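Colleague: I am new to this structure. Can you walk me through how to read it?

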Amino acid sequence: MLRILTAIAVLTTVSPSLFAHRQWLLPSSTVLSSTNPWVTVDAAVSNELFYFDHVPMRLGNLVVTGPDGARVEAQNQATGKYRSTFDLNLKQPGTYRIALVNNSVFANWTDNGQPKNWRGTEEAFAKEVPANATGLQVSRMSSRVEAFVTSGKPTKEALQPTGVGLELVPVTHPNDLVTGEAATFQLLNNGKPAANLEVTLIPGGIRYRDQLHERKVTTDAEGKFSTTFKEPGMYWMNATTGGGRRPGGPGGQGGPGGPGRMPAGNRASYTATIEVLPQ
């Protein structure tokens with residue numbers, strides 16, 4: 001009984017954010033030096049970083065960009081009860097950008113006095129939603145979940161921004177992070193500096209501690225922020241801009257929507273898994 005009461009007391013003192021669902025990609029390695037290497041990547045939504053305890057992320061919007069900027073095909077894709085997984089053959093030397101990307105449009109309007117709700121892609125929106133609909137309200141949601149893997153020397157060709165949603169621009173390369181050295185990053189929102197944006201950094205291993213050990217930093221006028229990592233390991237980085245409720249389920253899959261799923265305004269989120277190595 002004493003153990004149970006102690007456990008309850010601990011849980012009641014833990015911040016509710018400790019139990020938040022977080023999306024993430026986790027590569028088996030982030031820096032490799034062997035010839036023709038492979039990595040396995042897990043994709044999940046969980047309460048604890050990086051532990052499989054909730055649902056898998058779906059891989060329908062997976063985009064892998066190779067060191068030359070071209071698309072790379074993921075091998076052996078599979079989705080289970082708690083995680084999705086796939087393999088990457090790093091045939092070219094350099095840095096690979098692994099991303100799950102979702103860009104959705106939400107609309108509501110009235111038709112002969114009846115409310116209409118719609119959700120889908122930008123392309124479908126132009127075809128399926130009347131431009132002159134009565135009371136038309138449109139919102140857009142962009143989400144990007146990323147990880148980075150380098151074979152040999154780090155390169156930046158794969159890390160060029162697309163100009164859509166929140167994106168990370170490497171000032172310090174994401175595969176060149178070590179403890180005790182300041183790292184600088186830049187966030188862009190639709191190609192422009194994401195100024196005054198709060199960024200959250202949380203080290204993995206939440207399962208084995210009762211505190212998040214999260215760190216919050218704010219971007220400057222150029223969308224840049226700097227931080228120094230004291231401990232090595234995998235870190236979860238997240239930033240969100242805009243308002244409204246988060247649409248869709250875990251994994252951010254698009255599709256027709258119903259009432260109550262309309263965000264109040266444009267929203268963009270960015271999440272990355274980065275590895276910090278000891279000096």
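**Rings, charges and a buried loop residue**

Modeller: This is a predicted model. Start with Arg83, which lies over the face of Phe52, 4.6 Å from the ring centre.

Colleague: Which ring has the charged end of Arg22 over it?

Modeller: The ring of Trp236. The distance to its centre is 5.7 Å.

Colleague: How is a pair of aromatic rings described?

Modeller: Two things describe such a pair: the distance of the centres and the angle of the planes. In this structure, a search of the whole model finds 5 aromatic pairs. Phe52 also belongs to an aromatic cluster, together with Trp24 and Phe50.

Colleague: Now a loop. Where does Asn175 lie?

Modeller: Between β11 (166-170) and β12 (182-189).

Colleague: Is Asn175 buried or exposed?

Modeller: Buried means under 20% relative accessible area. Asn175 has 10%, so Asn175 counts as buried.

Colleague: Which residues are in contact with Asn175, leaving aside its neighbours within four places in sequence?

Modeller: They are Thr30, Val31, Thr95, Phe148, Val149 and Thr150. With Thr150 there is also a polar contact between the side chains, at 2.6 Å.

Colleague: How many helices and strands does the protein chain have?

Modeller: There are 2 helices and 18 strands. The chain has 279 residues, and buried residues make up 46% of them.

Colleague: What about contacts along the sequence?

Modeller: Take contacts between residues at least 6 apart in sequence. Of these, 69% join residues at least 24 apart.

Colleague: And the surface?

Modeller: The protein chain exposes about 14100 Å². Carbon and sulfur atoms supply 51% of that area.

Notes. Residues numbered from 1 in each chain as written. Predicted model: local features only at pLDDT ≥ 70, side-chain atom pairs only at ≥ 80, totals over all residues. Heavy atoms only, no water. Helix = DSSP H or I, 4+ residues; strand = E, 2+ residues; numbered from the N terminus. Buried < 20%, exposed > 50% of the residue type's maximum accessible area, 1.4 Å probe, protein only. Contact = heavy atoms within 4.5 Å. Areas by Shrake-Rupley, 256 points an atom, 1.4 Å probe, with all protein chains shown as cover. Polar contact = N/O pair within 3.5 Å; in protein donor to acceptor, adjacent residues only side chain to side chain. Phe/Tyr/Trp six-rings, centres within 6.5 Å; stacked < 30°, edge-to-face > 60°. Lys NZ or Arg CZ within 6 Å of the ring centre and 35° of its normal.
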